[in-house]
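Here's a quick briefing to read with the model open. Take a look at the structure first, then work through the notes below.

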Amino acid sequence: MKASRARLFKEYKEVQREKAADPDIQLVCDDSNIFKWTALIKGPSETPYEGGVFQLAFAVPEQYPLQPPQVRFLTKIFHPNVHFKTGEICLDILKNAWSPAWTLQSVCRAIIALMAHPEPDSPLNCDSGNLLRSGDIRGYQSMARMYTRLAAMPKKG
Amino acid sequence: MNQEEEVDEPGSCPSQQDSNPCPICLGPLVQESYLDTCFHKFCYNCILHWSRVVASKRSRPSASVKCPLCKTENFSIISGFDGTCFQRHYINQDLGDRFTFSKQHKYRLQCYYNEPGILNDIFNVLRFWKTRKYLQSNMWLQSWLRRELQALMQEEDVDIVVHHIHGVIDSFLRRIEQSRLLKKPTEATQDDFRIAVSDAAKPFLLARTDRFVNELELFLASGLNIEAYDAVYMQRLGWNAPGGSISSKPAEESSQHLGIVPYLYIFDVDSDKDE
C-alpha cells in the first residue's frame, strides 16, 4: 500500500532527525526494504536486563499503520512475555490494543517498559512466568541476568 | 545499514509544515476532521479507514470508535468545519450498506479452492460454443459477475470492473456473430474469448484469472439463472446450501451480517509494485 510506505518514510525521517533524542533506542531501516527494520534497545536500569543491548526485528505489514508491525527479539532473553526460542513478544499493543498512533519508535519504548514490568499472568516463557508467579523473584532475576550476560553483552576480553 | 544516506538538511523545515501532523499517516492533515468527543484531529480518510478496520474486527456492529490517541469512545467524525457549519459522519452510519462478505460470497470463493472441472459433465462448455448458445443473451451475467468479483476481490464496489468485463464479453460475443462467416473453428473462437476476458480481468484478479474465466464459461454454458446454477454447483460439491438460505433468500445477500468480516487487502499488495 502506498499509505504504509509514505508513513514509514515519515518515520524514517523522524528517526534520522531525532537520533539523539532517545539514547536507549536505535532504530535502523533495512537498506533495501522499508518494511523491514531492526532496533537495538538498551535493557532498562534496575532490571536484570541492565547493561544488555537487545536486538529487535520488525516486519511491517502492507496495511500499516492500520495493522500493527510484527516484532520479535533476535537477542535471546529470559522474560515471561517473550518466547524463549522464537523471540515472539506477548504485548497487547502489538495485538488487540494496537492503535495507528503508535510508531516503531514508541513500540520500542513499550517493549522497554515491558522488560521492566513483566506480566507473568500471560506468559510465553512459562519457566520465567512460573518463577515470578511463585514469588521467586531472585530466581527469575538471576536467570534473566545470566541470559543478559550470555546473549546481550559484548564478550569480555 | 547506512543511516547517513538520508540526512535532512538542517535548513529545510519539514517540522514547521508537519508541526501538527495526522497521527495516523504522520503527514499534513488532509480534510481536517475531529472526533466528536475528544476532538483529536485526523485526516478524514485516515480516521474513516481506521474506524472501518476497528468495525471489521468486532464481532458485533458498534456505533463508536476509540480514539487512536486517547481511547475515548467517539460516535462521529466531524469534518469540513469552516467556522459555521460542518459535516458529521456517524460511525455506524454505513453499517447498513457496508460490504459484508455474505455466505454466497464465501461459497463462491470456496469453489476456487476446489479442483476445476467437477461440473464439466453437467455443463458442456464446448457445446455452448458449437451450438452458438451465446446468441441468446444471458440476463443474469451481470449479477453473476458482480458477486463473483466481489468474492474474489473482497471489495464491495466492483461496478467499474463488472462494467468493464461485461463490456468485453458483450462486444466479443457480438463480434463473433458478425465474423462467423470467416468459418473459424470453434476452438479458436473459444480461445479468443478466453484471451479477451483474461486480458480484461487480469489486472484485478491476478492469479485467479484463469480459473475465473473457467467459471465464467461454465456459468454461460449452464444457461441457468444464478439460483439454479448455485443449487447444481453445491449439490455437486456435496454441500447443503449454507443455512438453507442460498436459494430461498438471495435478496438477503448483502444484508446478512456474518460477524467477523475478513479485512483483506489481497490486491493492494501489487498495486504499488511499480512505484
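Val28(A) sits across from Thr38(A) in β2(A), and Cys29(A) has Trp37(A) as its bridge partner in that strand. Bear in mind that this is a predicted model: local features need pLDDT of at least 70, side-chain atom pairs count only at pLDDT 80 or more, and totals for chains, interfaces and linings use all residues. Residues are numbered from 1 along each chain as its sequence is written, while chains are lettered from A and ligands numbered from 1 in the order in which they are written.

**The sheet**

- β1(A) and β2 (residues 36–42) of chain A run antiparallel, joined by five bridges; strands here are DSSP E runs of at least two residues, and helices are H or I runs of at least four, numbered from the N terminus.
- Six residues lie between β1(A) and β2(A), which form a hairpin.
- On to the next pair: β2(A) and β3(A) are antiparallel too, with seven bridges, and Thr38(A) stands opposite Ala57(A) in β3(A).
- Put together, four strands of chain A make an open antiparallel sheet, ordered β1-β2-β3-β4 (strands pair if DSSP finds at least two bridges between them).
- At the edges are β1 (25–29) and β4 (70–73) of chain A, each pairing on one side only.
- From one strand to the next, the twist averages 20 degrees.

- β2(A) has Trp37(A), Ala39(A) and Ile41(A) on its covered face, and Lys36(A), Thr38(A), Leu40(A) and Lys42(A) on the uncovered one.

**The core**

- The largest nonpolar core has 52 residues, and Leu56(A), Cys108(A) and Ile111(A) touch the most other members; a core is a set of buried Ala, Val, Leu, Ile, Met, Phe, Trp, Tyr and Cys residues joined through C-beta atoms within 7 Å, where buried means 20 or more other C-beta atoms within 10 Å of the residue's own, with C-beta atoms placed from the backbone.
- Helix α2 (residues 104–116) of chain A gives this core its largest share, seven residues.

How values were computed
Buried ≥ 20, exposed ≤ 12 C-beta atoms within 10 Å, placed from the backbone. Axes fitted to C-alpha atoms, helices over the stretch in contact; angles between N-to-C directions.
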